[in-house]
Structures are given as C-alpha cells and as structure tokens.
Amino acid sequence: MDIKLPKLGEGSESGTVVNILVKEGDTVSSGQTILELENEKAVAPVPATAGGVVAQVRVKVGDKVSVGQVLITLDASAAAAPATLPPASKPAAEQQRALPPQPASPTPAPAPVPATPAVEPAESREMEPLPEGEAPAAAPSIRRMARELGIDLRRVRGSERGGRIVLSDLRAYIENLQRLAFAPRPAAAVAAAAVAAPSVPAAKPAESIDFAKWGPVTRKPLTALRQTIARRMQASWHTVPRVTQFDEADITALNDLRKKFAPAYEKKGTKLTLTPLILKAVAATLKKHPLFNASLDAAANEIVFKDYIHLGLAVDTEQGLLVPVIRDVDKKSLLQLSQDVAELAEKARERKVSLDDMKGGTFTISNQGGIGGAHFTPIINLPEVAILGLGRSALKPVVREDKIVPRLMMPLTLAYDHRLIDGGSAARFTVDLVQALEKFAEAELKLS
Amino acid sequence: MEPIKTQIVVIGAGPGGYAAAFAAADKGYKVILVEKEHRLGGVCLNCGCIPSKAFLNVSHQIEEARESGERGVVFSTPTIDLDKLRAWKNSILDRLAGGIAALAQKRGVQVIYGRAYFEDSTTLRIETNEGQIFIKYDKAIVAVGSKPALPKAFDLGNPRIMTSTEALEIEEIPGDLLIVGGGYIGMELGTVYATLGSKVVVVEAADSILGGADPDLIRPVLRYAEKAFKELRPKTKVAKMSTAGKKIKVTFDGADGAKEELYDRVLISVGRVPNGENIGLENTKVERDEKGFIKVNNRMETADPNICAIGDIAGGVMLAHKAAREARIAIEAIIGEATEFDQIAVPAVVFTNPEVAWCGLTEGEAKAKGIKVEVARFPWSASGRALTFGRTDGLTKLIVDPETERILGVGVVGHNAGELISEGVLAVEMGATVRDLAETVHPHPTLSETFMESAEVFFGEATHVFSKRRIEH
C-alpha cells in the first residue's frame, strides 16, 4: 500500500522534502515519522499513516510534495504493524507544533524574520492540479463562478474541511494570479504597492543570468524558509523608511553585576547571561517610550499601542533566521527570563519552536555579540516599528572624569520606522536605553 | 406555406424538453415546443415515473394494511376496482400535463403536437393532424427520449407480452406474471403486481437484481422479494417465447438447464433504447454512437453547431432529473454562458419496498476503480423512528475519502429512502466532510438522523450504536 502525504494542518498542504528518515527495507509503524517537510513556516515531521516494510521510497530530498501525493510504498504482505489510520484530526494539531530546523543556540543573527502572522503566502494556495476527472470539493455556485472566470478549480487550494474550496480561496487564488501577472513592474511601482499592502511579497527575481559563462557554478534551490525570509525582508525594505541610530553603552557595571550574581543563578539551575539583562533594560525603555512598542495601521490611519511587551529574539540557525518571542518581559523576573532564554535555546536545538512561539512580538533584538562585529543596520521586523542591533562588547579606552579608562563598551544600533517615529524620539530612546544598561538596578538581580 | 421562424425549437416535451423550453422562454427567447404524443410530459409523466409511483403508493397501502394486523389494527382484505384505479392514475397525469400546458402558455411557448423531422441543420418539418408545418430555427434541442427495449425474439405482436408502457395501463391482474429483467423497472412493477395479487416470477441474466447498487443496499429488497414474489431467478435467460392459447410459453436457459413454463402475462424490462430513428438526424451533422445515442459534450452540444441534445437521447443515466439539469445547461450553452454538466452526484432511486437510493461514488465503483474509501454504516434497527412504523430493514451509509474525510457517496435503503437521499446529494455536491454531517443538528425523531449517526459511526462515536472499531472497512 502507498503512504500519501496526510493533511498536517493549516499552511501545511505542501512543502519541500528536507529529510527522509526511512529507507527501503525498513520496518515502519503507524505514526512513526518517515520524513520531514519544510514549508514557508516550519519544518514538520510527516508520520506514516500505516505500518509495514518500506518497499519503495517515492520521493527524494528537495522534492516538492502536496497533500495526497505518494511518499513511500509499503510491502503489504510484510505488514509489520496494523494498517490503521491515525485519527485524522489529531495529527494536524500535533504536527503543526513541530518546527524549526537544525539546532542553534540563540546566537545573534543579522536580521530578524518576522514572527508575526502575515498574510498567508499566496503561493501556498496553488497546488499541483488534481488528476483529470477528480472533481474538486466545492459548492456548485463556486464551480460556476470559477468557470465564468476561467479558473481551473483543481489548481485552487481549499481552506475548508476536506479541502473544500470556498469563495475566499477563489479570491485569494485570483489575487495571487494577478500579483504574479503584474510582477515585473518598475521598482517604484513595486515599492508603492508594497507601501499599500506591507506584506505583499514583491516581484519576481530578475531574469536568469548565465553565471557559468565566467566559471563553474553550483545551483541550489532556495529553501522555503529562505524564500520566506527573502520575501519579508523585501517587504520591509520596500515599505519602511528606515533610519538607523548608532550608539555605545558602557556595560562594565552590568557585566560586573552579572558576574556577581551568576553563582546564585547557577544554584537555581540556570546560567545568567547578558541577554536577560538586556531584555529587561529594553523592556524598561519601551515602557517609557510606548511608540517603539507600537504598530502602524496604515489602512485605519491609526497607531496601535500595545500594553504588553513581547520581545523577539533573532536566532541564527543552520537553516536560516528565526525569531521566537519572549512574552511579558516587563513582568518577569530575571530568573524567569534566564530560564525562558535557556528554554528557547533548547527548543531551537530540538526543533520545537512552534508557530505560536514566533507570533505577537512587539520589538525585536538582534544580538551579534556572540559572533563578533560592531555596528550593523538591521531591518525592521514588520509590523513592528523598531529593532535593536547589538554588536560585540569590547574593552575600549574611554574618558571618565577627565581620565582615560578601559571600559567594556557594547555597540548598539536602533533602526526605526520614520513613518511613525521621528529622529528626536529615537535619540531620546537611545539615551534612555544606554542609561538603563549603564545604571542597571542591582535589586532587579536579587533572588527572592 | 411559409416556414415559421423561431430562435429555439425543442423536440420532445418530457422533463428535459419542457424544462429547456421554459428556461429559454424565461431568458426571453422565442421558443417552439414539439411533442409527438397528445399529452405533454413525456415518458416520465405518462408512462414512467409518475404512474408507477401512483401504483406503488397503492401497493404500499395494501402492504401496510396487511402488516397493521401485527400491531392490533386489522383491516379486511382489500378489493380492487381496476377501472377506478386506472382512472385515478389518469386523473393525476391529466392534471400534471394540463399544468405543463398552462405554464407553456403563460410563458408564450408555442406548443405544436406532431412528429418532427429534420430536413437540414436549420429546418424542421412537423407532421401534424392538420398537415405539415416547417420551422426555421436558430437552435434546436433534441429531447426525444427513449423507449422500452423489446428484443425481436419477444416481439410476437401478442398483447400479453408487455413493456412498462402497457404494464402501467393494468388491463388486468394476471394470475402468473413473468418479469424479464430485474432492474428498477422490473422490480418496481413486480412490487405493484405482486401486491395486487399476481404470482410474480422475476428472471435476471446477471448475478443479482438492481445492477449498479451496492449489495448491502439491495439485501432488504431481496428479502422483501423472497416473501412477496413467487420466485426470483438470477443468472437466468429467456431463450424463447411463444403464444400458447391464452398463455405465453416461455423457455428458460438457466443454471440448472432449460425449462418451460406457462404465464398469463410477461413484462419485458430489459432496458431502454433511444428514440433517435426516423427524425431525420442523418440530414444534420449530429453524430450518434453505436447504440444510437446522440454524442454530446458536457455543454450538451452535438457535432452540429445548431443542435443540442439532452436527456435519455444524449446517453448516460436515463433519469428525468438528469435531463432537467441538462436542459438548463443546454440553454446556458446556447446563450453563451460558461456552463457545463459538472454534477458530482446524480441520485438514483428505486421505489421498491423498501426504497433504495444512492448518489455519488458507490462501494462497487470505488473497488472497481481502485479508489481507497472508508464506509460508515448506520443500521436502521438502531433508529427509533424506524421502529415506530415497524420497518427497521434499512441502512444508511457514507462512502468517505479517508484522507480528506470528504463524503464521496451516500447510499440509503429503507422506507422513504428516495426522499432521504437529497441530503446525501447536497453533501456530496457541496464537498461536505463527515464532520460537517456529524455536526449538523438533525430533527428527532426522524430517519434523517441516520445520516448524522452514520457520520458519527465514522468517528466511532455514534450515540445509538456501539462499535469498538472506529471505522468499518
């Protein structure tokens, strides 16, 4: 019997095979993960829907597969496990939680990937057409409309139960077609469109260049995650009039505090790094400057102020950038934050960061300190309005009370959306942030 | 005489033809409707669906009165006044045909009674009682239907050998009636004659009756037939028939060798053939298949750009409701709309006792085509409503795509299955999932609950049945 790609949940109707965990001759049991599939948002394990001996693996790494496609063929005669299907509604919920690629400690990354629920990437609404003769699941009224519009419904991805196509699916499909049709526009037009609809992925790449003319090349397909990063970075770049503010913070005292309290935290089972201290300082500064914790609702001409402070932490992983979110930073103790950061690192290593873990951020921190480098200009993680980039701290000669003294200096940059934030506000924010870092209250570190 | 000019002419006033004529008139076209019989409505109304259901209703009444004794309500044995019964049936037909004529008149559809003959692709000649009429048309819709097949070997010119047309006149209640062909017509009429008092024998060449329906749906009908009919003989063919005085001598070719028997009447119900002959189709570009059905695309267009064909003559399942849908599609195609026959489910109903109805994919089809399905069954023995009228010999089942949980087909056998199936048709046509059905509130106590319960059976959580297995395979 064949094992086909089951429906794994919203946004998981298709994807690219990134890892095959079984080979011919292997015995698999129902529910066992047979391969891993990457889509725009995540890497999801695909469970076997039946047990048996693998007679043939029908896909290879890099293949694009969609729901219903045959993945492996089992030798029915050698069935090793009962061929029962898992309850169809359950795996969806469970699998969806699985997430990101190869491990990585929450080390710095150059720029963030949006963690916010953007518009469903339109491409996912397209699918390999159903075979001829297979009727798409759609009401007669929708079928008629599709016919009138000349749309082949077998190419439209249905969002309802059982893949049923409803009006909104048809509309999304058409919008996508239109977008593709108008893709190669002049840059100005693209930018204008992007301003109008911030999450609209921008145009197609320029025409293909034959690089082999100048020497040997190797081509590798972009992973879905990389495509998502590219699309979102481009959207941000086209949408946001970005200004970057540079500064340095003297973190000598902060680092001394960290060293002083580290053993106490160690006893509580967690390692005290600079990251939770920085999170805390940023949260305090955001409280004083709520505009930096806001979003711009261009459609309504309103500023959305958020009463919560959820900080995105850019994480560099082997597969690419991920931005999990630490919630309610202002309300948590340093011990709690330390544990949160550690847990995040663990989750990233075990590929367990879920979509939900990456949603709802209000401000992002991209810390390259662990790798090196000084100032850099990060890109804003829409729909947030500002991002903080941190470089590697280094001992530098600075003047204190007319004397040159060595101090531990951390380079920092604040990139902000000038549509909402003016230069004066940004300068004041930066000053306050530097203050918060330099005059960090020891009381905050005390364990109760 | 000058030919009449019209935009659209429809040949045949059955459920396809009159629906097409009315739809065209409603869109503002000048329409002529031609009918060769003296009454509108076609086979369905005059010698098919409607009269057979009238008689079947009587048949069910007789059965119910008989069964009622078990519940303590005893009726005396009914006496049957055939003339009155026939007159009652005819009054229904007159009323319906009159209604169609009135609707045609109100819409300004001109009705011409006469035989139509294509002179060429744009000209139709009509032979009426008052002479010839010529029609010049822009578009013609052929809806001439079908008639019962009467193989040459059985066509002895003896009125005791009947087709469904004659059988529905019920000239007499024969003592011994042979029905050749166990399809829906044979089984329905067998039920009528058996309850009126005939000893009915049904012979069927195939392994079982009601070809096309799944065996589990047929079983209750078989059980009824075993009781009500004298005999049901599958895998049996009629080799020869001859007149023997007031009887018909029939020679059978069965599993246990040849056999001769005498019958008072014989009903031949071995299928239907298209009415494509003698209407001048050869003078047009219309093409027909080897069986004589007109070849059409899914917009009901024939090889002749001026001519569409709908209903039985266009092949496929020969059912009135399919013809009526095709009628609308033909008109929309003529107007130039983006239309096509894309129905997923065309329901089939057999008005036997109990009724059988199904739509979409059957289990048999799924098996033949290698489509993986799961089947959820809800037996009516667990339905309170079925118990209240003493008919628990029913079954509701869903044929489901295991991956998407979409309902691909629905089957029902039991009292009123013909009325019940529509919910299944809607579910299949809308692309509904089992979950949709399970989470739709159904009124209690009704038979419609069996749909909801069979959906619950699929998830192994039906209230009124207990199953350890989540799903029946």
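These legends walk through several close-up views of a predicted model.

**View 1. Getting to know chain A.** Let's start with the overall make-up of this chain. Chain A contains nine helices and 19 strands. Its length is 448 residues, and 40% of them count as buried. Among the contacts in chain A with a separation of 6 or more, 71% are between residues 24 or more positions apart.

**View 2. Strand β17 of chain A is largely enclosed by the rest of the structure.** Which residues make up this strand? β17(A) covers residues 386-390. Five of its five residues are buried, so the rest of the structure largely encloses β17(A).

**View 3. β17(A) pairs with β16(A) and with β19(A).** Here we meet the partners of the strand from the previous view. Strands of a sheet pair through backbone hydrogen bonds, and they may do so in a parallel or antiparallel way. Strand β16 of chain A, residues 363-367, runs parallel to β17(A) and is joined to it by four bridges. One place to look is Ile365(A), whose bridge partner in β17(A) is Leu388(A). Strand β19 of chain A, residues 403-417, pairs with β17(A) in the antiparallel sense over five bridges. In β19(A), Tyr416(A) stands opposite Ala386(A).

**View 4. An open sheet of five strands in chain B.** In what order do the strands of this sheet lie? Reading across the sheet, the order is β8-β15-β9-β10-β11 in chain B, and the pairing is parallel. At the edges are β8 (161-162) and β11 (231-233) of chain B, each pairing on one side only. β8(B) pairs with β15(B), residues 265-268, in the parallel sense over two bridges. For a closer look, find Ile161(B) and its bridge partner in β15(B), Val266(B). Helix α6 of chain B, residues 184-196, packs on the sheet. This helix touches β9 (176-180), β10 (199-203) and β15 of chain B, and its direction makes about 165° with that of β10(B).

**View 5. Where chain A touches chain B.** How many residues does each chain bring to the contact? Chain A gives 18 residues and chain B gives 15 residues. On the side of chain A, helix α2 (residues 140-149) supplies the largest share, with four residues. The residues on this side of chain A divide into eight nonpolar, three polar and seven charged.

Notes: Residues are numbered from 1 along each chain as its sequence is written. Chains are lettered from A and ligands numbered from 1 in the order in which they are written. This is a predicted model: local features need pLDDT of at least 70, side-chain atom pairs count only at pLDDT 80 or more; totals for chains, interfaces and linings use all residues. Two strands pair if DSSP finds at least two bridges between them. Two residues are in contact if their C-beta atoms, placed from the backbone, lie within 7 Å. Axes are lines fitted to C-alpha atoms, for helices over the stretch in contact, and angles run from 0 to 180 degrees between N-to-C directions. Ala, Val, Leu, Ile, Met, Phe, Trp, Tyr, Cys and Pro count as nonpolar, Asp, Glu, Lys and Arg as charged, and the others, Gly among them, as polar. A residue is buried if 20 or more other C-beta atoms lie within 10 Å of its own, exposed if 12 or fewer, and partly exposed in between; C-beta atoms are placed from the backbone.
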